[in-house]
Amino acid sequence: MGDIVNLKRFKKRTEREQAAKQADNNRALFGRTKSERARDEFVAERSARLIEGHRIDGGDAS
């Protein structure tokens, strides 16, 4: 015979585990310092400017 399991406790435990996993994911995504966000923004702007600088203007490029 198997052990008797309280389904309410089991459900609560699984919900807590899933909430902990979600919190870990959120910390990884949003838990960055101001300097890290500024650096990422700078890199994105720089790459956009670089691509824009290499763009060929005009309709007849050939």
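**Exercise 1. What radius of gyration does the protein have, and what would a compact globule of 62 residues have?**

Keep in mind that you're looking at a predicted model.

*Solution.* 
- Step 1: A compact globule of 62 residues would come out near 11 Å.
- Step 2: now take the protein itself, which has 25 Å.
- Step 3: check the extents. The C-alpha trace spans about 80 × 35 × 15 Å along the principal axes.
- Step 4: look at what builds the chain. You'll find 2 helices and 0 strands.

**Exercise 2. Work out what share of the residues is buried, and describe the surface.**

*Solution.* 
- Step 1: buried means under 20% relative accessible area. Buried residues make up 0% of the 62 residues.
- Step 2: the protein exposes about 6,500 Å², and carbon and sulfur atoms supply 54% of that area.
- Step 3: find a nonpolar patch. Val 5, Leu 7 and Phe 10 make one of about 320 Å².
- Step 4: zoom in on Phe 10, a residue of helix 1. Phe 10 counts as partly exposed because its relative accessibility is 41%, and that class runs between 20% and 50%.

**Exercise 3. Locate the charges, and find a patch of positive charge on the surface.**

*Solution.* 
- Step 1: the protein carries 15 positive and 11 negative charges, and their mean positions are 12 Å apart.
- Step 2: the positive patch gathers Lys 8, Lys 12, Arg 13 and Arg 16.
- Step 3: Lys 12 sits in helix 1, which covers residues 7–30. With 47% relative accessibility, Lys 12 is partly exposed.

**Exercise 4. Examine the salt bridge between Asp 24 and Arg 27.**

*Solution.* 
- Step 1: the closest N and O atoms of Asp 24 and Arg 27 are 2.4 Å apart. The cut-off for a salt bridge is 4 Å, so this pair qualifies.
- Step 2: both residues lie in helix 1, with 3 residues of spacing, or about one turn of the helix.
- Step 3: Asp 24 is partly exposed at 46%, whereas Arg 27 is exposed at 53%.

**Exercise 5. The structure holds 4 salt bridges. Show which residues are joined into one network.**

*Solution.* 
- Step 1: Asp 40 pairs with Arg 32, the closest N and O atoms being 2.2 Å apart.
- Step 2: Asp 40 also meets Arg 39 in a salt bridge, at 3.3 Å from N to O.
- Step 3: Bridges with shared partners join Arg 32, Arg 39 and Asp 40 into one network.
- Step 4: Asp 40 is partly exposed at 30%, Arg 32 is partly exposed at 33%, and Arg 39 is partly exposed at 48%.

Definitions and conventions. Residues numbered from 1 in each chain as written. Predicted model: local features only at pLDDT ≥ 70, side-chain atom pairs only at ≥ 80, totals over all residues. Heavy atoms only, no water. Helix = DSSP H or I, 4+ residues; strand = E, 2+ residues; numbered from the N terminus. Rg over C-alpha atoms; globule rule 2.2 N^0.38 Å. Buried < 20%, exposed > 50% of the residue type's maximum accessible area, 1.4 Å probe, protein only. Areas by Shrake-Rupley, 256 points an atom, 1.4 Å probe, with all protein chains shown as cover. Lys, Arg positive; Asp, Glu negative; His and termini not counted. Charge placed at Lys NZ, Arg CZ, Asp CG, Glu CD. Patch = residues over 30% accessible without salt bridge, like charges linked within 9 Å, V, L, I, M, F, W, Y side chains within 5 Å. Salt bridge = Lys/Arg side-chain N within 4 Å of Asp/Glu carboxyl O.
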